[in-house]
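Please look through the sequence and the structure shown here before reading the notes that follow.

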Amino acid sequence: MSNGGLGGSMTNDMRPLVHLVGAGPGDPDLLTVKALRLIQSADVVVYDRLVGEGILDLIPAGTARISVGKEKGRHLLPQDQINDLLVSLARPGRRVVRLKGGDPYIFGRGGEEAMYLAAYGIATEVVPGITAAAGCAAASGIPLTHREVARSVRLVTGHLRDDQSLDLDWQSLADPACTLVVYMGVGTAGPLAEGLIAAGLDPATPVAVVEKGTTASQRVLRGVLAELEADVARWRVEPPALLIIGKVVALAAEQEVAEWVGAAEA
Ligand SMILES: C[S@@+](CC[C@H](N)C(=O)[O-])C[C@H]1O[C@@H](n2cnc3c(N)ncnc32)[C@H](O)[C@@H]1O
């Protein structure tokens, strides 16, 4: 059993403990109170590239910070070395915060790290964060579900498998009453759109690309599925960016949504 997130480094049964903490999509104001408390009482914070500057600024000056940032094609530290690092930091009883973009359990390898730590007798407590889908939807005025428009949401990854194919169930994803949110999908926008259209999704389905969602440099770009690949190239979309595909994208235009100022206010 964990110590309930008091910032301590040991569980009640005196096993070492690592906090796997979600940092949210970028805007520091979207951190949870618990995440902030843990960051401010940690001995060491181990963080990914997606954790923005505004959030890193909240780490006290005297606290050790280690970047293990991952970037497409350029891993500062491979996952197995990140796992070993966490073990070596936590074993002596340090208060370790493993800070991840968004939510640790959504395309964040949080489960893998927790299992690795468990194999070394180290407990984890996961602090959820606002995942990119929720953050980008809110910041762009796109309701992920909406009565009579979308009754479900699917979160999928557009990341290619080792054999360079997309591991997606096209038939089940081509559902006009479902909002599809694609993480890591900019590079595979073409095959994604092709697969969905081939499976029967209307080529005129609205699509939004949210770049650097919830930050001061957020861009929200809108188009239709059939033109997604060309649009992504024309817009010169930069990471991180999220694709939102579905009729709900058109609803954003019907609201008066204030522009997201994100970290600019922080
Ligand atoms: C490895 S996944 C991590 C997801 C994270 N664990 C979460 O819950 O949001 C990284 C992908 O999340 C998406 N992403 C994360 N933060 C984002 C942001 N601020 N704006 C747009 N997309 C973002 C992008 O698709 C990016 O390629």
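In these notes Ala, Val, Leu, Ile, Met, Phe, Trp, Tyr, Cys and Pro count as nonpolar, Asp, Glu, Lys and Arg as charged, and the others, Gly among them, as polar. On that basis the shell around the ligand has 12 nonpolar, 5 polar and 2 charged residues. This is a predicted model, in which local features need pLDDT of at least 70 and side-chain atom pairs count only at pLDDT 80 or more, whereas totals for chains, interfaces and linings use all residues. Residues are numbered from 1 along each chain as its sequence is written, and side-chain values use heavy atoms, with hydrogens and water left out.

**The ligand and its shell**

- Of the 19 residues around the ligand, Pro25, Ile106, Thr131, Gly213 and Ala241 come nearest, where a residue is near if one of its heavy atoms lies within 4 Å of the molecule.
- The shell draws at least three residues from each of domain 1 (17–130) and domain 2 (133–256), with domain bounds that come from an automatic or database domain assignment.
- A polar side-chain atom of threonine 131 lies 2.6 Å from an oxygen atom of the ligand, while a backbone N or O atom of aspartate 103 lies 2.8 Å from an oxygen atom of the ligand.
- For glycine 101, a backbone N or O atom lies 3.0 Å from a nitrogen atom of the ligand.
- Taken alone the ligand exposes 570 Å², and the protein buries 88% of that, as computed by the Shrake-Rupley method with a 1.4 Å probe.

**Helix α7**

- Helices (H or I, at least four residues) and strands (E, at least two) are DSSP runs, numbered from the N terminus, and in helix α7 (residues 189–198) the residues Ala189, Gly190, Leu192, Ala193, Gly195 and Leu196 are buried.
- Buried means under 20% relative accessible area, exposed over 50%, and partly exposed in between (1.4 Å probe, protein chains only).
- The cover over the buried residues of α7 includes α6 (170–173), β9 (178–183), α8 (228–235) and β12 (241–245), with contact meaning heavy atoms within 4.5 Å.
- After α7 comes glycine 200, whose phi is positive, near 115°.

**Two single residues**

- Isoleucine 197, in helix α7, counts as partly exposed because its relative accessibility is 29%.
- Not counting residues up to four places away in sequence, isoleucine 197 touches Pro203, Leu225 and Ala226.
- Threonine 63, in the loop between α2 (53–56) and β3 (64–67), counts as buried because its relative accessibility is 11%.

Conventions:
A polar contact is a pair of N or O atoms within 3.5 Å; within protein, one must be able to donate a hydrogen and the other to accept it, and residues adjacent in sequence count only if both atoms are side-chain atoms.
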